[in-house]
Protein chains: 2
Amino acid sequence: MSEEMQAMLDHDCPEERRRLKQLMVQDPLFIPKWNLPLEEERELALERLKRLCHSGNFSILDFRSNPLRIFAAHECAALVDVSMATKMTVQFNLFGGTVLKLGTKRHHDLLLSGIDSLEDVGCFGLTELGYGNNAVCMATTATFDLSTREFVIHSTTPLAQKYWITNGATHAHWAVVFAQLLIGGENHGIHGFLVRIRDHSTMLPMPGVTIHDMGHKMGCNGVDNAKLAFDHVRVPREALLDAHSSVDAHGRFTSSIPKPRDRFLRVADQLLSGRICIASMMVSGAKMSLAIALRYASSRLCVGPSGASDTPILSYQLQQRALMPLLADTVALNLALNYVKERWSAVSGFQSGQRIQPDTAREVVILCCTIKPMCGWNLERTASTCRERCGGQGYLSCNRFGSLIGFSHAGITAEGDNRVLFQKAAKELIASMNTKTVQDRLRQGSRPPKITSQGSLTSLTTLRLLYVVRETRKLQHIAGIMAGIGKSQPDIFDAWMYHESDAVQGCTQAFGEREVLDACIRTYENSSGDLKSILYDITLLFALKRMEDDLSWFICQDLVPKNIASHVPETVRQLCAKISQQWQVIIESFGIPEGLIQAPIAGDWTRYNLADNAGEVIDMEF
Amino acid sequence: MSEEMQAMLDHDCPEERRRLKQLMVQDPLFIPKWNLPLEEERELALERLKRLCHSGNFSILDFRSNPLRIFAAHECAALVDVSMATKMTVQFNLFGGTVLKLGTKRHHDLLLSGIDSLEDVGCFGLTELGYGNNAVCMATTATFDLSTREFVIHSTTPLAQKYWITNGATHAHWAVVFAQLLIGGENHGIHGFLVRIRDHSTMLPMPGVTIHDMGHKMGCNGVDNAKLAFDHVRVPREALLDAHSSVDAHGRFTSSIPKPRDRFLRVADQLLSGRICIASMMVSGAKMSLAIALRYASSRLCVGPSGASDTPILSYQLQQRALMPLLADTVALNLALNYVKERWSAVSGFQSGQRIQPDTAREVVILCCTIKPMCGWNLERTASTCRERCGGQGYLSCNRFGSLIGFSHAGITAEGDNRVLFQKAAKELIASMNTKTVQDRLRQGSRPPKITSQGSLTSLTTLRLLYVVRETRKLQHIAGIMAGIGKSQPDIFDAWMYHESDAVQGCTQAFGEREVLDACIRTYENSSGDLKSILYDITLLFALKRMEDDLSWFICQDLVPKNIASHVPETVRQLCAKISQQWQVIIESFGIPEGLIQAPIAGDWTRYNLADNAGEVIDMEF
C-alpha cells in the first residue's frame, strides 16, 4: 500500500524524483556535515546544487513544458540540504523564472543555458532594507540617460539597499534588480533590470556595486545572503527585461500593462510560483521530521508496566497525541499542495498561451497565498514538536530537527510574510465573492447540518459542510464590515489593520482548511481498498483536530452542541491511537530512501553511539 | 514606575544583579560573536563564565546563606550568553550543589574553592544513553573491591554511557558519577561518586575514562557536551559522596535513608533547584526576546493609511495580538517564579537545618516541576513568535532569536522532559489531596461563580475562582479514575500512559495556571498607583488569554455561558491594544541595560546596515 500512497502523495514526475533521490543517495557529497565554517557550508551547498543541475532532471525550460518537474526537484532537494534547496529556488524560480518570463530573446540567449548549468548564478533583487513589507514603495531607481541610452541603477538611500539577497554574498554573477523606472522625471513604475554584479573570472564586484555579506543566521547557513547597493551603475538599454514594457532609443516608454501598480504585480509574478516552491520544500521538511521522530519513537524504550525500560515511547498516548495530528496535517497539506500545483500549472500559460480568466487567476493567487503559510507553519510546529518528543537526541544537529526548525522560519517569512499573505488572500476572497464558485459555496454554507449525535462528527460530508459554514460566516462577516465602510481608504485601513485583524486571518484560515479538507476528500473518494481506509482516518483526524483547535467558535455559533463538542477530544485521541498503528506504512509512503534519512536516531542509534564521531554522520554506518 | 516594577520582577539581590550586568556591559569580552567555530565558542563561554565567577557576586556557598543569589546570577548570565549560563548551571547547581550537599568535609575542602574559581570544573554524570528517561534503572555500576577498598566504576553496556554531559567534552576535571552501588553482590541503589576524569595539567582523560565529543547542536554550541564511559575505573573509598550513605573499610554499608528508591531521589536532589535555575534562565530569554521585538516593532515602518511606509508595525492589531499576550505571560510567570524561589529557599534547609514537613516538601516539588515547563514553553513560543513578527531581520543571528529558540529547546527537555515533569507533578498533586491547603482549594472549587455578564470576566476574583474550579474538576477526574483502579500497578500504568495522558497533563496545567494567577493577584494586591493599574491589565490579559485557549472546556463544563464566552476574544484584543500603549514601561522594567541588548534591530538599524559588518556586532556602534 505504501507504493500506492506514495504515488498519490508524489503526484507527478515519479521518474525524475527517483533519479534525483538515487543520485543523492549514491554520491557521498550529499552526506550531511554539521560542524562547518560558513564558507565551507556555502561552497558545499553550491557544489551539491551543481550535481543536481548537471543530472539533467530539471531545467528552467520546464516552466514552459512541465513546471511540475521544478516543484518536484524542490521537494527532493529539501530532503537533503535546506540551503541547497534555498539556493535552487532563487536560481531557478526567482531569478531564472523572471529572466524567462520578463526577459526576451536576447536575455534568453545570454542566460538560459548558464542558469541550468549554474555557470551563470543569479539573484533576485526585490526586497529592500526599508521596504521589505512595502515593495511597491521601493527606493532604488533606474534613470534613463538619453545621452548614452543607458539606465543608471542607483540606491538612493541606505533603506534602498537590496536586502537578504540569496546567492549574493559569494556566488552570484547576475542580479535582476527591481527599480522605479524614471524617464525625464516621470516614474513608470517598477521594472526588472539585468545587472552584472560580479566579474565572471575574478568574482570581484563590478564597479559601483557594493556587496555586504549578511553573515550568520539561525538556519540555512549554506545560503550566502547579501546586502547589495548600487552607486550610479550604468547598464545598457537592453538590460531592461522587456517582455511587457520597453524603452526605445529615444527614451519613449511603452507598456502592454497600463497601470504602474499592475506592472509591479507582473514583475513580481515569480513570487507566486515561489510560494509553491516554498510550500513544496516545507512539506518535505515535515515528512523528514516525522520519519525521524517516529522511527526513533518506535525504537526508544522507556518505563513499562513493570518499571523496566521495555516499552517503546511510541506506544504512549502522549507521544501519539503529539505526533499523529502532525502526521495527518502533513499528508493533508501535501494533497492540497498537489491540487494547488495543478491549478497554478493550468494558468501559468506557458503551455497553451491561452488567455486566463481573471477569476481563475485570482483563485490561483488565493490558493498560493494560503498554501504557503499553512505549509510553513506546519513545518514549524512539526519540526519543533518532533524535536521536543525526541528529547535530548532531538537537540543534536545530526538528528536534523534544528536545521528543519531554522528552515521553517525561513519559509514562514520569505517571499511574503505568512500573515501578510493571509491578508492578501482574504482581500482577494472578498473580491471573488460574486463568482459562481464562491456563490455556490456561500449558498451551501448558509444551511448548517444538524449535529444530533457524536456519530455526525465522523461523517466527512458533515464535517466538510461545517467547514463550509465557518468559511461562509467568516467571509460574510468581513465582507459586511467592508460594505459598511464604503470606499474611504483611511476607514478601510483602520478596520483592516486596527480592528479586524483576527477576523481577516480567520477568514483565510477557514478557507484554507476547507480547501485542504476538500483535497483530502477528493483523494479519498478516488481511492480504494486499504488506502481508502487509511485516507479516511487521516482526513477525519485532520478535520477533527482542526475543529478541536477552534471548538469554542463552533459551539458559540450554535453549530455543534456542547454535549457533542465535549466528546471531540476523545474522538481525536482514539484516531491518534488508531493511526499510530499504521505509522510505518505512512512513513514509507513519504518515499524517503534509507540513504537519505541520515539521522542516527532513525537507525541503530546504540551502534552509532559506540563510535567517537563528534556528532557527525560522515563515514558512519548505522 | 519602571524602577518600581523592576524591583518587583527582580524580587531579590538588586545589588548583585546590578554589578553583574554592569560588569558584562563594561567588559568587551561579553560582546556577542556569532560566526564562531565550535572550539572558539566553547572557550569564549568558559572565559566569560570565569569573569563572572571572579567578580565575587555569587558562590557555591550561597546555597547555604542565600540561594537567591545563585538564581539571580543565572538570570543575569542568560541575558548575555546562553552557553555560558548553561555551563554555569552545571558547575554551580548540578555539580557544585551536589558536592556541597551530598559530600562531606573532605570533598568540601578539596573542591569548594575551586568550584567558585573554576579551577575545578565539574560535570554531573546522571543521564545515560539508554536511561535518560528512567534514570533509576541506570546501568553504570560502582562495585566495592574489599581487597583494595576501592570502588570500581564501570559502564556495563553501550547504553550505560553517561550522555549529554555538559563541560565534559573539553573543560571538566571532575565528574560526579551516579552509579548502582554494589557490595558483595548486593545493590544498595544509586549513589554519587566523585571521579577525576581529566588530569589537571595535561587535560588528557584519566586512564579508563573515554570521552567522546557530542559535536554540533541546534543551540548552545558553546556548551561542550560529551559521552563519558568508564572501563573499570578505580576510585578510593572516600570518593563516595557520603553525607547520607557510607561504606566502611570492611565493606559495611550504612545509610540514613532506608529505601534505595529514596536514595535515588536524594542524590538527584539538585535537579529540583536545577529546575528553578532553568526557569530563571528561560524567563530572562523571554524578556530579551520581547525587548528586542518590541523595540523593533516601534521603529519599523510599514504601510499606513495613505500607502506610504509611515506607520510603525507595533500599531497594527496583528502585531499587538501576537506579542502582548506573551508579554503578559512573561511578567506573570516571572512573578510566579519569584514565589517558587521563596518556597524552595524556605525548605532548602541550609539556613536553619530545620526538619521540613513532608507536605511542604511535596508542594515545593510540585511547584518546581510545574514552573520549569511553563517557563520553557513560554520562551519557545515567545522567541519563535518574536522571530516571526520581526520577519527576515529576526532570522539574522545577531538579532538573537535563533539563539533563544535553541536555548528554549534545551530548557524544555533538560533536567526533566517538560511532559514527564508535568506527569510527576500530577502524581504528587493527587498524593497531596488530603492536605488542608488542597482540601480548602477543592472546597472553593466546588462552588463555581455565576457568570451572568461580560463584566464578570473582568473581575480577577471571579476569574481566579473559575481557575480553581477547573483545577478542582481536573484533579478530581484523575483522582476518581485512580481510585477506581486501586493498587494494581499494570492497571495504573495502563490508565496513566495509555488513556488519561491529556487529563494528566491538563491537571498540572490547570494547577500551574492557577498558581501563576495567584502570584499575580497577590502582587497586584500589594501594589499601588500606576503599577497596580498596569498589573491589573497584565493579570487580566494572562487570565483571559489562557481562558481563551481552553474556552471550549469552560463552555462545555457550563462554567461560562456561550453568549458571554463568545466575547472573550474581543476583550483579549482590547487588552492587547491597551497594554501595547505601555510597552516601553514594561520593557524597561525588565532591567536590561542598553549595552546588553546588542541586537541591531533593537537600536538604530539603518545605521547598523550602512557598514560591512558580516552580521556581527563587534566594533559596531548602534
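Helices (H or I, at least four residues) and strands (E, at least two) are DSSP runs, numbered from the N terminus. The views below show a predicted model, in which local features need pLDDT of at least 70, side-chain atom pairs count only at pLDDT 80 or more, and totals for chains, interfaces and linings use all residues. Residues are numbered from 1 along each chain as its sequence is written, chains are lettered from A and ligands numbered from 1 in the order in which they are written, and side-chain values use heavy atoms, with hydrogens and water left out.

**View 1. Met203(A) sits in a loop between two strands of chain A.** The loop runs between strand 6 (186-196) and strand 7 (209-213). Met203(A) is not a glycine, yet its phi is positive, about 60°. Most residues other than glycine have a negative phi. Is Met203(A) buried, partly exposed or exposed? Its relative accessibility is 29%, so Met203(A) counts as partly exposed. (Buried means under 20% relative accessible area, exposed over 50%, partly exposed in between, with a 1.4 Å probe and protein chains only.)

**View 2. Ala614(B) also has a positive phi.** The value is near 50°, in a residue other than glycine. Ala614(B) belongs to the segment after helix 24 (605-608) of chain B. Ala614(B) is partly exposed, at 34% relative accessible area.

**View 3. Phe493(B) and Tyr498(B) form an aromatic pair.** Rings of Phe, Tyr and Trp (its six-membered ring) pair if their centres lie within 6.5 Å; planes under 30 degrees apart count as stacked, over 60 as edge-to-face and the rest as tilted. Over all chains, the whole structure holds 28 aromatic pairs. In this one, the centres are 5.6 Å apart and the planes stand at 90°, so the pair is edge-to-face. Phe493(B) is buried, with a relative accessible area of 9%. Tyr498(B) is partly exposed, at 26%. In chain A, Phe63(A), Phe71(A) and Trp344(A) make up one aromatic cluster.

**View 4. A lysine charge sits over a tyrosine ring.** This label applies if NZ of Lys or CZ of Arg is within 6 Å of the ring centre and within 35 degrees of the ring normal. The charged end of Lys532(A) is 4.9 Å from the ring centre of Tyr524(A). In chain B, Lys532(B) lies over the face of Tyr524(B), 5.0 Å from the ring centre.

**View 5. Asp537(A) is a buried residue in a helix.** The helix is helix 18 (residues 529-549) of chain A. Asp537(A) has a relative accessible area of 7%. Which residues does Asp537(A) contact, leaving aside its neighbours within four places in sequence? They are Leu575(A), Lys578(A) and Ile579(A). (Contact means heavy atoms within 4.5 Å.)

**View 6. Chain B meets chain A.** The contact takes 95 residues from chain B and 95 residues from chain A. The area buried between them is about 7,700 Å², with 54% given by carbon and sulfur atoms. His216(B), Met218(B) and Tyr395(B) lose the most area in chain B, together 9% of what that side buries. (Buried area is the accessible area, with a 1.4 Å probe, that two parts lose on being put together, summed over both.) How many salt bridges are there between chain B and chain A? The count is 10. (A salt bridge is a side-chain nitrogen of Lys or Arg within 4 Å of a carboxyl oxygen of Asp or Glu.) Asp502(B) and Arg321(A) form a salt bridge, with the closest N and O atoms 2.6 Å apart.
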